[in-house]
Amino acid sequence: MLLELQNVSKTYHTAKSDVCALNDLTLTIDAGQFQAVQGPSGCGKTTLLLIAGGLLAPDSGTVLVDGTNPYSLPPNERAQFRASNIGFVFQQFHLIPYLGVLDNVLAPAIASGRTDAQARAEELIAHFGMQDRLHHVPAQLSTGERQRTALARALLNEPKVLLADEPTGNLDHENAAAVLGHLKEFTAGGGAVLLVTHDDRAVEYAESVTNIDGGQIVAPQPA
Amino acid sequence: MNVWRLVLREILHRKLNFAMGLVSVAVAVGCFVGARTLLRADEIQTEQAGKALEDSMRKITKGLGFNILILPEDQDVNELHTEGTLTKSMPYEYVERLANSKIVTINHLLPMVVRKVRMAEIDKIELPPAESETSMYVIGTRGEVPLVHRDLKKPLEDHVPAGTMVVGFQIGKKLQLKPSKPSKKKSGKKNAQKGEAKKAKPKTLETVNFLGREFKITKVKPELGNRDDSTIWINLTESQELFDSKNLVNGILALECNCATADRVAEIRNDLERILPGTQVIESGPPALARAEARNQAKQVAVKNLEQHQSFAGVLVPLVVLGCGTWIGLLAFGNVRQRSSEIGILRAIGLRSVQILLIFLGKAILIGLIGAVVGYAAGFGFGMAMGTLPEATDAWSQLFAPELLLATLLIAPAIAALASWIPAVLASRQDPAMILQAD
Ligand SMILES: Nc1ncnc2c1ncn2[C@@H]1O[C@H](COP(=O)(O)OP(=O)(O)O)[C@@H](O)[C@H]1O
Ligand SMILES: [Mg+2]
C-alpha cells in the first residue's frame, strides 16, 4: 500500500458551528493505482486530500504514506517527507506568479535540494510540450499550460503519491483529457494517484471510484 | 533553484513594493548620513572659524602692542608692578648684543633707565604741602636701537636729545602746558608714540630745572589715561649721568614682537636665553589676557553651535529611522498578505518554515543593503553640497567616512530585517491547509 487512510475523521470548529468534514473514512491506494473520489461540493474532498498529503492532521484515525505516518514526524521532517514523497495538483494551479515555467517547475528543488533538478525539469517540460514556454510567467500561459506546469512541478521530485484536487475544474475538455492522461501515465510508472473531483469525465480515467457525501463513503450515485 | 533566486524574481516582479521599501531605507539612511556629513562639515568649519577668529584676534592684539620687557634676572618683577619702577640694572652693551644678533622674534629695541622721583624735583612745579611727596616716573631713553641684520626701520619713538624733555599730560598740566597738537603727517592709525613722529624743529615750550640740570620741554603728550601721563622722558645718557648709572640700563623694551607659535613669550625666552643669559622676559601690557579671552569665546561659540546641530540631528534622525522602519514593516506585512497563496503552495511542496522566513527576511535585507547604498550616496552628496567647508579643503577626503559607510551597510539591513520580522514570522507560521482550502 502506498497510501492508507484508516478511520480518519475531521471536524472543523468555527465560532458559529462545528462542521464534520470527514467521518470515519477508510481508503487505501496501491502503487500503480489511479483512485478517484467523487462527491458533491462541500462533501469533504479537499479535506481528505490535505489529510492524505500531510498538511492537515486528522482528529482521529491514521494516515500512512508508503508506510510512514507523516503526522508522527516533527514539522521540518514532515515538510521534507512531503517534498520527497507527495506531489500536489490543485484546481487553482497555485503557480508562483513571478516565476517562469522552468522556475515554477524547479521550486520543489528548494525543499529537496536535488542536484539534477534542472535537467529533470527541462525533461518534464518538454514531455508536456512546453519547451518553448520556459520563461513565460503563469499570466502568459493558457489554463491548460498552467495545469501542465503545475503537474510538472508536482512530479519534479519523483513522488510516490500524486494528490490531485479538481485538476480539471478550470480546463476545457481537451486540456482536461491531456492532464488526466498524464496522471494515468504516472500510475503506469508505479506511482499512486488520488484524484478528488465532482467531475464525471475525470472519473473515467480512474481504475476505481469511491463516492463520498457528508464525509462518508456512500453507494455510487445512479448515473 | 534556491531561496535567493526566489527573492530576486519576486523583487523584479513586484518592483513597486521593492522600490517603496528601498526609498524608505534610502530616506532613513540619507537623513542619517546627510546629518552626519553636515555635522562633520560643521565641526571642521567651526574648528577653522575658531582658528580664524583666534588668528585675527592675535593680529589685532598684536597691533595693540605685543610688547616684551627684558629685565635683569635679579630684578623682582613685583617691584615693577607695585612701585612702577626698576632698581636692578644690566650693561647697556646688552642692547647692542641683541641688535647685532640674528633674532627675528623681536622688533624695536628701546633700552631705558627707569626711576621714580618726586614731582617737585622740577623747579617750576609748585605743589601744595600735602602733595609735596607726589612722585612721577622718569624714563631715560635714546630711541630705537636698529637691528643690524634687518633693514633699518623707522624709529619707533623720537629720540629725546640731550637737554630736552618730553612730559606726560598730567605733568604738563602742573606746568600749565597744553598738550602738543599731534603731527599731521601720516595717518593716525599707528599708536600714539608713533603718530607724534619727529617734528622738524621742536619748539621749546618751557625751560625747567630738573635735578640741577636745565631741560627744554619740547612736547607735552596728549592724555593717555595711564602711567605715561605721569611720566617724563629725558635722554638716556643724561639719565645715566643723573642717576649715577653710567653704561647701565634697567630694562629693554621690545615693541611689536612677532612669533610663529602661540606661546610666544616662551619662544622669545628661548631665543634670549642664548643671546642674553642672565636676563628675564615678561610680556608687558594687557593683550595676553584679551587674546586668551577671545580664544575661549571663539571656542564656546563653536561648541554651542555644534551642540545645537547635534541635538537637532539627535532628534530628527531617530524619528526618521523609526518612521521608515514602521513603513518597511507595513510594506512587508502587505507583501505577506498578498503572497499567502504562494506561501501555502511552497509549504505544500515541502519548504520548511525557516525557508519561508528567509524569503521575507532576505528581501528585507536586500532592501536594506541597496537602500543603504543609495541612501549613503544621496546623504553624502547632500552633505557635500550643503555643508560649508572652509575654502581649499578637500571635501571628499575630509567628509568621506568609510566606517560610516560600513556601519550603514550593516545597520540598514539589520533594521529592515527587524522591521519585517513580525510579518515574516507570521508568513512562516501560516497554515498551508487553510490557504489551499480557500478555493
Ligand atoms: N477551515 C475550515 N473551517 C471551517 N469549515 C471548513 C473549513 N474547511 C472546510 N470546511 C467545511 O468542511 C466541509 C468540507 O470542505 P471541503 O473538504 O473543502 O469540501 P470539498 O472540497 O468537497 O468542497 C465544507 O462544509 C466546508 O465548508
Ligand atoms: Mg474542494
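**Close-up 1. Helix α1 of chain B packs with helix α11 of chain B.** In this predicted model, α1 covers residues 3–13 and α11 covers residues 353–386 of chain B. Their axes sit 9 Å apart, and the angle between the two helices is about 55 degrees. That angle is why α1(B) and α11(B) are called oblique to each other. As for handedness, α1(B) and α11(B) make a right-handed crossing.

**Close-up 2. Here are the residues where α1(B) and α11(B) meet.** From α1(B), look for B:Val3, B:Trp4, B:Leu6, B:Val7, B:Leu8, B:Glu10 and B:Ile11. Across from them, α11(B) brings in B:Gln355, B:Leu358, B:Ile359, B:Gly362, B:Lys363 and B:Leu366. Sort the residues of this contact by type and you get nine nonpolar, two polar and two charged.

**Close-up 3. Chain A and chain B bury about 2500 Å² between them.** Carbon and sulfur atoms give 63% of that buried area. On the chain A side, which residues lose the most area to chain B? They are A:His94, A:Tyr98 and A:Ile110, and together they make up 31% of what chain A's side buries. Counting who takes part, chain A puts 29 residues into the contact and chain B puts in 28 residues.

**Close-up 4. A salt bridge links B:Arg5 with A:Asp103.** Zoom in on the two side chains and you'll find them 2.8 Å apart, going from N to O.

How values were computed
Residues are numbered from 1 along each chain as its sequence is written. Chains are lettered from A and ligands numbered from 1 in the order in which they are written. This is a predicted model: local features need pLDDT of at least 70, side-chain atom pairs count only at pLDDT 80 or more; totals for chains, interfaces and linings use all residues. Side-chain values use heavy atoms; hydrogens and water are left out. Axes are lines fitted to C-alpha atoms, for helices over the stretch in contact, and angles run from 0 to 180 degrees between N-to-C directions. Helices (H or I, at least four residues) and strands (E, at least two) are DSSP runs, numbered from the N terminus. Angles under 35 degrees count as roughly parallel, over 145 as roughly antiparallel, 65 to 115 as roughly perpendicular and the rest as oblique. A crossing is left-handed if the near helix is turned anticlockwise from the far one by less than a right angle, and right-handed if clockwise. Contact means heavy atoms within 4.5 Å. Ala, Val, Leu, Ile, Met, Phe, Trp, Tyr, Cys and Pro count as nonpolar, Asp, Glu, Lys and Arg as charged, and the others, Gly among them, as polar. Buried area is the accessible area (1.4 Å probe) that two parts lose on being put together, summed over both. A salt bridge is a side-chain nitrogen of Lys or Arg within 4 Å of a carboxyl oxygen of Asp or Glu.
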